[in-house]
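Please read these points alongside the coordinates. They concern the fold and a few side-chain contacts.

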Amino acid sequence: MTVISATGTVTVVSDSGVEAQAIVVSSTPRKIRVNMQGVAMDFLSDPKGNWTARLSGLSFSLLKQ
């Protein structure tokens, strides 16, 4: 996935398969910060190009738009 511009929207998927929309607050080539229903999350890019975040013991991924 390429770098996503700020103020765009993305779909966040939890490890249990639940999807939610989130607003991109800022992005760099290595990190995308999103606001998902009032919760700030930092997604990091792994070597395979996947964007993942961990919060409260759960794993989240960004879906390609």
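This is a predicted model: local features need pLDDT of at least 70, side-chain atom pairs count only at pLDDT 80 or more; totals for chains, interfaces and linings use all residues.

1. On the overall arrangement, six strands form a closed barrel in the order β1-β2-β3-β4-β5-β6, and the pairing is antiparallel. From one strand to the next, the twist averages 40°.

2. Strand β1 covers residues 9–14, and T11 lies in it. Is T11 buried or exposed? With a relative accessible area of 9%, T11 is buried, because buried means under 20%. The side chain of T11 makes a polar contact with the side chain of Q21, at 2.9 Å.

3. How many salt bridges does a search of the whole structure find? The search finds one. R33 and D42 form a salt bridge through their side chains, with an N to O distance of 2.7 Å.

4. As for the setting of that pair, R33 has a relative accessible area of 32%, and D42 has a relative accessibility of 33%. R33 is therefore partly exposed, and D42 likewise counts as partly exposed, because that class lies between the 20% limit for buried and the 50% limit for exposed.

Key. Residues are numbered from 1 along each chain as its sequence is written. Side-chain values use heavy atoms; hydrogens and water are left out. A salt bridge is a side-chain nitrogen of Lys or Arg within 4 Å of a carboxyl oxygen of Asp or Glu. Buried means under 20% relative accessible area, exposed over 50%, partly exposed in between (1.4 Å probe, protein chains only). Two strands pair if DSSP finds at least two bridges between them. Helices (H or I, at least four residues) and strands (E, at least two) are DSSP runs, numbered from the N terminus. Axes are lines fitted to C-alpha atoms, for helices over the stretch in contact, and angles run from 0 to 180 degrees between N-to-C directions. A polar contact is a pair of N or O atoms within 3.5 Å; within protein, one must be able to donate a hydrogen and the other to accept it, and residues adjacent in sequence count only if both atoms are side-chain atoms.
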